[in-house]
Amino acid sequence: MFQISVQRVTAAENNNNNNNKNNMSQQAANGVPCRGKVLTVDNMNPRVKKVEYAVRGPVVQRAVQIEKELREGVKKPFTEVIKANIGDAHAMGQKPITFFRQVLAMCSYPELLKDNMFPEDAKQRARRILEACGGHSIGAYSASQGIECIRQDVARYIEKRDGGIASNPDNIYLSTGASDAIVTILKLLVRGEGCDRTGVMISIPQYPLYSAAITDLGAVQVHYYLDEANCWSLDVAELRRALNAARQHCNPRVLCIINPGNPTGQVQSRQCIEDVIRFVKEEHLFLMADEVYQDNVYAEGCKFQSFKKVLFEMGPEYSSTVEMASFHSTSKCYMGECGFRGGYMEVINMDPEVKAQLTKLVSVRLCPPVSGQALMDLVVNPPQPDEPSYTTFMKERTAVLAELAEKARLTEQILNTVPGITCNPVQGAMYSFPRITLPQKAIDKAKEAGHIPDMFYCMKLLEEEGICLVPGSGFGQREGTFHFRYKSYHKVIFFFGLKSKLKVLLQRLRDFHQRFTQEFS
């Protein structure tokens, strides 16, 4: 793909050169000095050119082209492209939670508050949110840190989730999804030049937001490997190896943890969380805990425990010293409300002067989307047992999570019947990261074409079966291993809503892998 891109750029440059020559002739005839573009690919920010984001990379770009070809009547071996590149639940057919959309509808169009079709608890939530907005409209800016009553609700939610451990609303920052908050914290941490450049410890496999943001900010990626043979568990000995190696060329200052994991689907044990906390205290690191999948835990014996909860249960030696930010979002779990871009972060033990700088930094963007803030409020303050919406809410929530759990189990079970594919149990989150064994001839063929082998595999799968996966190389993997990520989701990819359709789809993937293996044996 890289070679193709270079050829396209070269062709574009030739066209630009021809156009510039024509322009020069025209301008020279008119006596006007010739000037090229102010911004070109040669003089733009070089860090931006290095940024990569695999979940919307070359395979996905080709998938969009194929969808256009299908609409134009081009014959393919399939009738639709099945996208498994990004965790977009509603795009894949998941239905919105009724209570959430009722409240948001009334917030957007307050005249609906007069309508008897909406339950009273939904109306009460809508009135409370509107009363906290300027001009009683969600179209008004909010405070940069977020609407105060919503931050209070988030703090109460955290206290309840963590068994009564206090949460201060002043430490809550509402955000444009979790991604925006994560990048904001990284901005505070990144500094230095040469060997003093900030190192950011990220897991391999990792979610490409982290590598993209680190590259964009000019920091150094410090890779630590999850243990695939042990269900993608995290070993502190591996953290220490990565840290010591990185200190030879940068200044590691922050450790990022995703729990439950993306793309690997593991849920960290209590012991692991304690070990990580001891490690960051001992090595004087800032801890970033990405916990956006906290409601997505499926495997027997697994339980989500927040890093904050464990931190405070370990006692003042840790709870008063370890600096941490944790993140949550409306985009995952049972909600799947990606487009509203709602999220929050809670900061712990942050220096007050740094916190003032954080508040200044978020104020540059004025405020997060107020509709996203409203949705976040409903996530942390859902219907209660004595309210009219509770029964329907719990039925919908339970159904979504149960279906995700069942289909995660079924996907693992079926993939592990395919020779050459190994899939770890999906303990949580919404993804699996199966390992694929590729014939040497396929690896050689891919390299001849300038492709990474698992990119070659995924591109061929797309062209032959219309299934769009993300190659493991986009997330990072140990040298010599190959994977792909797919989402354990509703409807279109893998989770069609009916087991029979899921099995048909997995059969197509199984047939392709066997055909691919035979072709290159």
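## Pockets, cavities and the sheet

Helices α6 (148-161), α14 (370-380) and α15 (390-415) each supply at least two residues of the lining of the second largest pocket. Here helices (H or I, at least four residues) and strands (E, at least two) are DSSP runs, numbered from the N terminus. A pocket is found on a 1 Å grid over the protein atoms alone, as an open set of points with protein on both sides within 12 Å along at least five of seven lines, while a cavity is a set where a 1.4 Å probe fits but cannot get out; lining residues have an atom within 4 Å of a point.

This is a predicted model, in which local features need pLDDT of at least 70 and side-chain atom pairs count only at pLDDT 80 or more, while totals for chains, interfaces and linings use all residues. Residues are numbered from 1 along each chain as its sequence is written, and side-chain values use heavy atoms, with hydrogens and water left out.

Back to that pocket: α6 gives the largest share of its lining, five residues. The second largest pocket holds about 650 Å³ of space. Among the 22 residues lining this pocket, Y157, K160, V379, P382 and R397 are the closest to its centre. Volumes are the space filled by probe spheres set on the grid points, which are joined across faces, edges and corners.

How many cavities of 30 Å³ or more does the structure hold? There are two. The table sets out their volumes and the classes of their linings (Ala, Val, Leu, Ile, Met, Phe, Trp, Tyr, Cys and Pro count as nonpolar, Asp, Glu, Lys and Arg as charged, and the others, Gly among them, as polar).

| Space | Volume | Lining residues by class |
|---|---|---|
| Largest cavity | about 60 Å³ | six nonpolar, five polar, no charged |
| Second largest cavity | about 40 Å³ | six nonpolar, two polar, no charged |

Residues lining the largest cavity include S203, P205, Y224, I257 and N262. Around the second largest cavity you will find I202, S203, Q206, Y210, Y224, C256, I257 and I258. Strand β5 (251-258) gives the most to this second lining, with three residues, and β3 (198-204) also supplies at least two.

Those two strands lead us to the sheet. It is open, with seven strands in the order β2-β8-β7-β6-β5-β3-β4 and mixed pairing; two strands pair if DSSP finds at least two bridges between them. Because β2 (172-176) and β4 (220-225) stand at the edges with a single partner strand each, one side of each is left without a neighbour in the sheet. From one strand to the next, the twist averages 25°. Angles run from 0 to 180 degrees between N-to-C directions, and axes are lines fitted to C-alpha atoms, for helices over the stretch in contact.

Strands β3 and β5 run parallel and are joined by four bridges. Helix α9 (residues 236-246) lies across β3, β4 and β5, at about 150° to β4. Helix α13 (residues 352-363) packs on the sheet too, touching β2 and β8 (342-348), and its direction makes about 30° with that of β2. Contact means heavy atoms within 4.5 Å.

Finally, α7 (residues 177-189) and α8 (residues 208-217) pack at an angle of about 40°, with axes 10 Å apart. Their contact involves S179, I182, V183, L186 and K187 of α7, and L209, Y210, A213 and L217 of α8.
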